[in-house]
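Thanks, everyone. Let me put the model on the screen and walk through some of it.

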Amino acid sequence: MRQDTSVILKKGRAKPVLRRHPWIFSGAIERIEGEPADGGIVEVRDAGGNWLARGYLNRESQIRVRLLTWEEEESITPAFWDRRLERAIAARRALGLNAAGANDRAATAYRLVHAESDYIPGLVVDRYDAWLVVQFLTLGVDRRRDLIVDLLSRHLGPEGVRGIYERSDVDVREKEGLGQRTGRLWGEDPPETVEIQENGQRFLVDLRSGHKTGFYLDQRENRSWLLHHSQDGEVLDAFAFSGGFAVHAAAGGASRVTLVDSSAASLKLARRNVALNSSGLAGKVRDPSLLGRERQYDYVEGDVFEVLRRFRADGRGFDVVVLDPPKFAHTRREVEAASRAYKDINLLALQLVRSGGLLLTFSCSGRVSADLFQKIVFGAVADTDRDAQIIGHMSQGPDHPVALTFPEGAYLKGLICRVW
């Protein structure tokens, strides 16, 4: 029976829906039949009235409908949300990411639900040891917040989760007509810092006010690369945040690590993380011969662009430079300015890498494609009159999957370059 809350697409605009892309933009819609509430479930039909998919509506957003199912018999009931959450959680177990594990690959912090790429548009759930941090990024999931929290507590409470904390303090909610919100949703409040482990290293994480949900979980596999490529070298960790790359570099045998960040609070936490891993007993050093070796750490607070210019003027050099800047492009209109910023920072980094050294450079701007990012880095190399070889590509970890129908989910891209 045809329902009276339907979104009718314009002629010729059904193809993305048929290909299971989860977004329908306002420009693709001919009309809305009935009076569905924003955040409510609507049927999506082509111009001829044929049923295509089902999702939730928000007239406040340019993405008018976010699709949930392409199966007409699948209703959006509490059981639907339970099945989707259960599938995402099971997928993380299959990766071998075990909050109780003790092997090198085990991590006590990882992403459990990755929004559209886990087929739950707008929902992010990260686990940090005994706490979950959630973000409700869209109106559709925000309206189902209590249900989702209840389901998460039922699935993960028996597995040692003690509390669920909300970090919906992100600008993207404004595009959905939502304000920002944080606070405890279930169980216990998290402590001031929560200790996690990854790749045999330990970190203190500020779940209440740290970047993103507290830590850059998407870089876990990329940080581990430094365990094997830092020995005896001087490493520059630019945009260091709480020292994720720096700690791994030290564990890999770096003789000196320089951390640069504009935030005094981030560098303070980085100092604590370095201290937590400095004994060689607290953090597992890859090469036992490196135990007890004294390392030097420099902490530099300031604008990273200006600090790197000062290093260049002072003739500083490094064997490994890591560039992991924040998102420079939030919208399509910002891509051009972001490209200039990426080129500038990479040019500075290239001028600081010693001959034969390594540059690990990243972009987390989804609007900047991997192809464009590589061209930007090429432009920086050309302007330095140096030679560079790509010896590896990096991306987000497997707990941040990319649905093949949603290429926008591949936001993190990185290059490992040997510089001559």
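First, a term. Buried means under 20% relative accessible area, exposed means over 50%, and partly exposed is in between, with a 1.4 Å probe and protein chains only. A second one: helices (H or I, at least four residues) and strands (E, at least two) are DSSP runs, numbered from the N terminus.

Now the ground rules. This is a predicted model, where local features need pLDDT of at least 70, side-chain atom pairs count only at pLDDT 80 or more, and totals for chains, interfaces and linings use all residues. Residues are numbered from 1 along each chain as its sequence is written, and side-chain values use heavy atoms, with hydrogens and water left out.

Start with helix α10, residues 370-384. It has 15 residues. From first C-alpha to last it reaches 22 Å, close to the 21 Å expected at 1.5 Å a residue. That expected span is 1.5 Å times one less than the number of residues.

Which residues of α10 are buried? Phe-373, Ile-376, Val-377, Gly-379, Ala-380, Val-381 and Thr-384. An α-helix has 3.6 residues a turn, so residues three or four places apart point the same way. The buried residues of α10 pack against α9 (335-350), β18 (353-363), β19 (388-395) and β20 (413-419). Contact here means heavy atoms within 4.5 Å.

Asp-371 is also in α10. Its relative accessibility is 48%, so Asp-371 counts as partly exposed. Asp-371 and Pro-398 are 27 residues apart in sequence, and their C-alpha atoms are 21 Å apart in space. After α10 comes Asp-385, with a positive phi near 60°.

Next, the sheet. Two strands pair if DSSP finds at least two bridges between them. Here 7 strands form an open sheet, in the order β16-β15-β14-β17-β18-β20-β19, with mixed pairing. The twist averages 15° from one strand to the next.

Let's look at pairings in that sheet. Strand β14 (residues 234-238) runs parallel to β17, joined by 4 bridges. Val-235 has Val-320 in β17 as its bridge partner. β17 and β18 also pair in the parallel sense, over 5 bridges. There, Phe-318 has Val-353 in β18 as its bridge partner. β18 and β20 run antiparallel, joined by 7 bridges. Leu-359 stands opposite Cys-417 in β20.

How enclosed is β17? Of its 6 residues, 5 are buried, so β17 is largely enclosed by the rest of the structure.

Met-394 lies in it. With a relative accessible area of 9%, Met-394 is buried. Leaving aside neighbours within four places in sequence, its contacts include Asn-222, Trp-225, Leu-360, Phe-362 and Ile-416. Met-394 and Glu-221 are 173 residues apart in sequence, yet 8.7 Å apart in space, C-alpha to C-alpha.

On to helices against the sheet. Axes are lines fitted to C-alpha atoms, for helices over the stretch in contact, and angles run from 0 to 180 degrees between N-to-C directions. α9 lies across β17 (318-323), β18 and β20, running at about 155° to β18.

Angles under 35 degrees count as roughly parallel, over 145 as roughly antiparallel, 65 to 115 as roughly perpendicular, and the rest as oblique. Helix α8 (residues 304-313) and α9 pack at about 30°, with axes 9 Å apart. That makes α8 roughly parallel to α9. Residues making the contact include Phe-305 and Leu-308 of α8, and Ile-345 and Leu-348 of α9.

Compare helix α2 (residues 78-94) and helix α4 (residues 145-156). They pack at about 45°, with axes 10 Å apart. α2 and α4 are therefore oblique to each other. Among the residues that meet are Trp-81 and Leu-85 in α2, and Leu-151 and Leu-152 in α4.

Last stop, a hairpin. Strand β12 (residues 194-198) and strand β13 run antiparallel, joined by 5 bridges. Gln-197 stands opposite Arg-202 in β13. The hairpin has 2 residues between the strands, and Asn-199 takes a positive phi near 50°. In β13 (residues 201-205), 4 of the 5 residues are buried, so that strand is largely enclosed by the rest of the structure.
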